[in-house]
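Let's take a walk through a protein fold together. Have the viewer ready and follow along as we go.

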Amino acid sequence: MTRKLQKTVLFNRVSTAEQEKGFSLDAQKRLAQKYAEDKGLVVIKSWSLSESASKEKERKSFFEMMDYVRKEKVRHVLFDKVDRAVRGYRSAALIQEFMDEDEVCFHFVRDNLAINKDSSVSDKDRFGIGVWLGKRYIDNLKSEVIKGM
């Protein structure tokens with residue numbers, strides 16, 4: 001019996017050049033590819049970039065990737081952690097929409113979390129808490145920068 005192709009994309013992101021040194025894109029990619037292999041997922045495209053997630057409207061690569069997922073009917077998206085995927089409610093709402101309407105499963109490798117529309121309430125809560133923590137980090141960073149000025 002042949003296994004059905006599980007179309008998957010991979011999105012790796014660091015926010016700064018400093019993060020890239022200790023939280024490298026290569027390390028994220030290697031870990032995600034091993035995870036995909038272990039789960040029987042086939043990565044058909046990947047994004048690896050240094051991009052700040054603080055300005056949701058400017059996350060061009062993230063939204064480009066999400067458009068690709070919809071257009072190509074990809075069913076699995078891999079991120080290193082929740083905070084590498086979202087730092088605000090707009091992208092979290094988009095992920096929720098893709099889970100509900102397009103039946104996409106989102107995997108957060110280091111968080112050991114895979115969520116889709118049928119996930120347990122506790123797994124969805126873990127995602128929500130990750131979103132909230134990412135948003136809080138950005139809000140606090142903005143506040144500290146303003147104080148420093």
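What you're looking at is a predicted model, where local features need pLDDT of at least 70 and side-chain atom pairs count only at pLDDT 80 or more, while totals for chains, interfaces and linings use all residues. Residues are numbered from 1 along each chain as its sequence is written, and side-chain values use heavy atoms, with hydrogens and water left out.

Now the overview. The chain has 6 helices and 5 strands, and from the N terminus they come in the order β-α-α-β-α-β-α-α-β-β-α. Of its 149 residues, 40% are buried (under 20% relative accessible area; exposed is over 50% and partly exposed in between, using a 1.4 Å probe and protein chains only).

Let's zoom in on strand 3, residues 76-79. Here's a handy rule: in a regular strand the side chains alternate between the two faces of the sheet. In strand 3, His76 and Leu78 sit on one side, Val77 and Phe79 on the other, and all are buried, with both faces covered. Who are its neighbours? Strands pair if DSSP finds at least two bridges between them. Strand 3 pairs in the parallel sense with strand 1 (residues 7-14) over 4 bridges, and there histidine 76 faces threonine 8. Strand 4 (residues 105-108) also runs parallel to strand 3, joined by 4 bridges, with phenylalanine 106 as the bridge partner of valine 77.

Why does it count as buried?

Finally, find helix 3 (residues 60-71) and helix 5 (residues 89-102), which pack at about 5 degrees with axes 12 Å apart. (Axes are lines fitted to C-alpha atoms, for helices over the stretch in contact, and angles run from 0 to 180 degrees between N-to-C directions.) So helix 3 is roughly parallel to helix 5, a label for angles under 35 degrees, with over 145 roughly antiparallel, 65 to 115 roughly perpendicular and the rest oblique. Among the residues that meet there are Phe62 and Met66 in helix 3 and Leu94 and Phe98 in helix 5.

Technical notes:
Helix = DSSP H or I, 4+ residues; strand = E, 2+ residues; numbered from the N terminus. Contact = heavy atoms within 4.5 Å.
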